[in-house]
Amino acid sequence: AQTVPFYGTRQAGITTPQQERLMFAALDVTSTDVQDVQRLLGRWAALAARFTAGRPVSDSPGNPDAPPFDTGEAMDSGPYSLTITVGFGASLFDDRFGLADRRPAALAPLGTIPGDAVMKPAITGGDLCIQACADDPQVVFHAIRNMVRAARGTAVLRWSQLGFGRASATGAGQTTPRNLFGFRDGTNNIHADDTGGLDQHVWVSGSDQRWMDDGSYLVARKIRMEIESWDTDDLADQQRIFGRRKDTGAPLTGGTEFTPIDFHRTGADGVPVIDPHSHVRLASPEANGGVRLLRRGYNYTDGQDPDTGKLAAGLFFLSYQRDPHAQFKVLQTRLGKSDLMNEYIAHIGGGVWACPPGVRQAGDWFGRSLF
Ligand code: HEM
């Protein structure tokens with residue numbers, strides 16, 4: 001069972017090679033006292049330091065006449081590369097806590113983007129978020145469960161999401177996994193060894209709010225995938241939608257998985273080999289003035305949709321960037337308008353959170369630079 005260091009200049013769980021499992025939680029603060037929020041972020045830092053080292057809430061067995069300190073289900077597990085990443089939603093900067101003048105411009109609401117029409121309020125937003133990733137499902141569940149428990153009296157769970165089968169590669173040398181459409185996902189991602197790319201596109205530096213230096217903005221989207229209709233689409237059309245081969249992940253213009261895509265190539269009929277409305281073309285830096293972001297999503301299923309009888313499944317899209325307006329919004333505006341994939345997907349929830357710099361050592365806490 002591997003350990004990912006918790007303390008550092010930057011939070012783990014962003015460029016950490018992607019683990020296999022996710023639990024994500026969005027919380028709302030119920031207290032109106034900013035000191036309660038600070039104390040909570042301190043408790044969370046102490047807990048995260050322990051959980052990521054494979055330790056329980058407390059070393060003390062506790063009093064037999066009181067509920068145990070730790071809920072216990074990860075007692076024999078080890079850390080399994082657990083990372084805990086915390087973020088602040090725009091709503092934390094409203095009138096309640098006197099933080100309005102510390103809200104970064106990058107956290108201003110994104111407004112309505114094409115494809116957003118069915119975002120459900122019950123699974124959207126939240127004052128705080130916690131992303132727990134590990135190579136074991138019970139370890140991520142334990143971390144979120146106990147952090148939500150530690151929030152009692154200050155914040156309550158608003159919504160949460162389990163994810164399995166990482167749907168992106170972020171680590172240098174990680175093999176590219178597959179999403180629930182069966183395609184390799186994460187080929188043209190920003191990889192962990194590309195430190196220049198990460199500094200340019202992911203880590204905040206010198207923005208209007210210096211407390212965000214070494215932080216990053218998380219944009220999450222719960223994207224339902226219409227799996228039953230996708231499964232009736234022929235292979236050639238599936239490949240046209242992505243612009244890549246389903247088996248190898250290679251671009252339709254040839255080569256192997258990591259061969260650059262040739263957007264200018266035309267077939268004998270004069271038609272572009274990569275459809276101009278394919279997902280890779282519309283999302284590419286070439287089509288968006290060089291814009292990129294770090295993808296870190298997970299496949300999900302919530303079982304069966306009781307209303308339709310279909311599988312409720314899709315992609316829990318997680319992306320990190322310096323500025324959601326200049327990156328996610330630009331890409332999603334283009335994709336939402338004319339991505340061939342739109343016939344098979346719907347954005348149903350999500351949110352934007354400012355993930356502050358890392359917790360530097362024991363006694364430091366999430367977002368100390370903000371308060
Ligand atoms: C590329 C799947 C949503 C941004 C890809 C690729 C696949 C894929 C299979 C090609 C392999 C790769 O380079 O990773 C999906 C699915 C989605 C989804 C199934 C929804 C269910 C999104 C969204 C965004 C996005 C919402 C951003 C707003 C990108 C980018 C690339 C990409 C930037 C790389 C393009 C390039 O430079 O070649 N996606 N994607 N995707 N996707 Fe998505």
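In the predicted model, the buried residues of helix α7 are covered by elements that include β5 (216-225), α6 (279-283) and β8 (311-321). The helix itself runs over residues 328-338, and its buried positions are Phe328, Leu331, Gln332 and Leu335. These residues cover an arc of only 90° around the axis, which places them on the same side of α7.

The shell around the ligand comprises 28 residues, of which Phe183, Thr187, Asn188, Ala283 and Leu331 come nearest. Two or more residues of this shell are given by each of β5, α6, β8 and α7, and α7 gives the most, with four residues. In terms of residue class, the shell divides into 15 nonpolar, nine polar and four charged residues.

At the level of the whole protein chain, seven helices and nine strands are found. The radius of gyration is 21 Å, close to the 21 Å that the globule rule gives for 371 residues, so the protein chain is as compact as a globular protein of that length. Taken along the principal axes, the C-alpha atoms fill a box of roughly 75 × 45 × 40 Å. Buried residues account for 45% of the 371 residues, and, among contacts with a separation of 6 or more, 75% are made by residues 24 or more positions apart.

Tyr80, in the loop between α1 (34-52) and β2 (83-89), has a positive phi near 50°, whereas Asp214, in the loop between α3 (195-201) and β5, has a positive phi of about 70°. As regards burial, Tyr80 counts as buried because it has 23 C-beta neighbours inside 10 Å, the cut-off being 20 or more. Asp214, with 17 other C-beta atoms within 10 Å, is partly exposed.

Note on methods
Residues are numbered from 1 along each chain as its sequence is written. This is a predicted model: local features need pLDDT of at least 70, side-chain atom pairs count only at pLDDT 80 or more; totals for chains, interfaces and linings use all residues. A residue is buried if 20 or more other C-beta atoms lie within 10 Å of its own, exposed if 12 or fewer, and partly exposed in between; C-beta atoms are placed from the backbone. The arc is that of the directions from the helix axis to the C-beta atoms. Two residues are in contact if their C-beta atoms, placed from the backbone, lie within 7 Å. A residue is near a molecule or strand if its C-beta atom, placed from the backbone, lies within 6 Å of it. Ala, Val, Leu, Ile, Met, Phe, Trp, Tyr, Cys and Pro count as nonpolar, Asp, Glu, Lys and Arg as charged, and the others, Gly among them, as polar. The radius of gyration is taken over C-alpha atoms; the globule rule is 2.2 Å times the number of residues to the power 0.38.
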